[in-house]
Amino acid sequence: MSLERFISEAISPWMKEDGVESEIVLSSRIRLARNIKQFKFPLLASTEESQAIVKHVDEALKDKRPESVKPLELLLMEDMRVNEKRVLVEKHLISPNLAEQSKFGAVLLSEDESISIMLNEEDHLRIQCLFPGFQLINGLETAGEIDDWIEEHLTYAFDEKRGYLTSCPTNVGTGLRASVMMHLPALAMTQQLNRILPAINQLGLVVRGIYGEGSEALGNLFQVSNQLTLGKSEKDIVEDLRGVVLQLIQQEKAAREYLLENSKLQLEDRVYRSYGILAHSRVIESKEATQRLSDVRLGIDLGLIKGISGNILNELMILTQPGFLQQFAGDVLNADQRDERRAALIRERLQLEEKTDN
């Protein structure tokens, strides 16, 4: 396996699998923040200490993997070009912070890309597990198994009263961030999100864009996650999030039924217009492309568009990002060149779906 394997395909193998409520919940993620007791936190570590941390983790875990944990490959940030790191960010395999700030960071990746362990990000270890659809419980169990395995070989920074110690105080305690990526176009169209999102924040949860904190909610995709990590168990945190997500799923389904019953003609017009634009455009900006793809995915889920896989949203949302466009071009592209290539790629992808259906 090599870096080329991880950056050559937009869709990670785990994304091709079916998941519960996958029409609305695209993916579930569990992330654990951990630090090693005998080392300074990454924000204070020197270059030599940062390199020593990566070596220490690699040596401690090498050839000691239990059967329940998938094989992992170590990739060093210093060995990657800027655009290669950008592609991994676009696939949610590493964070923007690791790509931009941590020259001596690294990541341990499983072959199916469902497991990602970042080294020297904000904390020494960020353990991430990704699942298709609504699978927070499975994600928590898998992350727990990996966490237990690592703790057998490394001594975590832990306090009996405060729990796991982290660089950022908001992660102290369980160090857990549980999140789901949701596609909520009907709630956006019926203008209910302005009422719902503030209520979610009051419950100790946060709603962000597709790439987390500070990112825009493009294509009606929203990341819903917990804010509190202290004072509750991992199981309670996940159960609280599950309860809110289940309500969002029901509200999105109700909004879709309302649109079909009361505004079907307008809905069909919007969906088919977006499909036509994607199928024939010669130039398209990223923001418009994501919105049009959201409309098409809604049309697929409601049966208005047939013969096209719902995964096309997941795939093209990543494939049309700047990193992937430049990776396939093998060159740096300016904004106009990216818009042209984005349009061509989407046209070709839709044509491929049509040929497959016929």
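This is a predicted model: local features need pLDDT of at least 70, side-chain atom pairs count only at pLDDT 80 or more; totals for chains, interfaces and linings use all residues.
Residues are numbered from 1 along each chain as its sequence is written, and side-chain values use heavy atoms, with hydrogens and water left out.

Eight strands form an open sheet in the order β2-β3-β4-β5-β1-β8-β10-β9, with antiparallel pairing. Its edge strands are β2 (72–76) and β9 (205–208), each of which pairs on one side only. From one strand to the next the twist averages 20°, with axes being lines fitted to C-alpha atoms, for helices over the stretch in contact, and angles running from 0 to 180 degrees between N-to-C directions.

Within this sheet, strand β4 (residues 115–119) is mostly covered, five of its five residues being buried, a term that denotes under 20% relative accessible area, as against over 50% for exposed and the range in between for partly exposed (1.4 Å probe, protein chains only). In a regular strand the side chains alternate between the two faces of the sheet. In β4, Ile115, Ile117 and Leu119 point one way and Ser116 and Met118 the other way, and all are buried. On one side, β4 pairs with strand β3 (residues 106–110) in the antiparallel sense over four bridges, and Leu109 stands opposite Ser116. These two strands form a hairpin with four residues between them, in the turn of which Glu113 has a positive phi of about 65°. Strand β4 also pairs with strand β5 (residues 125–132), again in the antiparallel sense, over five bridges, and here Met118 stands opposite Arg126. The hairpin formed by β4 and β5 has five residues between the strands, and Asn120 in its turn has a positive phi of about 65°.

The largest nonpolar core has 88 residues, and those with the most contacts inside it are Val57, Ile117, Ile146, Ile150 and Met182; such a core is a set of buried Ala, Val, Leu, Ile, Met, Phe, Trp, Tyr and Cys residues joined through side-chain atoms within 4.5 Å. The largest share of this core, nine residues, comes from helix α8. A second, separate core of 13 residues includes Ala99, Val107, Leu109 and Met118. Leaving aside neighbours within four places in sequence, Met182 is in contact (heavy atoms within 4.5 Å) with Ile24, Val25, Asn220, Leu221, Phe222, Val224, Val245, Leu248 and Ile249.

Helix α8 (residues 234–262) has 29 residues and reaches 42 Å from its first C-alpha to its last, close to the expected 42 Å, the expected span being 1.5 Å times one less than the number of residues. An α-helix has 3.6 residues a turn, so residues three or four places apart point the same way. The buried residues of α8 include Ile237, Leu241, Val244, Val245, Leu248 and Ile249, as well as Glu252 and Arg256. Helix α10 (residues 286–301), with 16 residues, reaches 22 Å, close to the 22 Å expected. Among its buried residues are Ala289, Leu293, Asp295, Arg297 and Asp301, and just after this helix Gly303 takes a positive phi of about 80°.

Individual positions were also examined. Ser50 lies in helix α2 (residues 47–61) and counts as buried because its relative accessibility is 10%; leaving aside neighbours within four places in sequence, Ser50 is in contact with Ala45, Phe104 and Asn120. Leu333, found in the loop between α12 (322–329) and α13 (335–357), likewise counts as buried, at 7% relative accessibility. Not counting residues up to four places away in sequence, Leu333 touches Leu325, Gln326, Arg338 and Arg341. The C-alpha atoms of Leu333 and Glu111, 222 residues apart along the chain, are separated by 29 Å.

As for the cysteines, the structure holds zero disulfides, a disulfide being a pair of cysteine sulfur atoms within 2.5 Å. Cys129 counts as buried because its relative accessibility is 0%, whereas Cys168 is partly exposed, with a relative accessible area of 23%.

Conventions
Two strands pair if DSSP finds at least two bridges between them.
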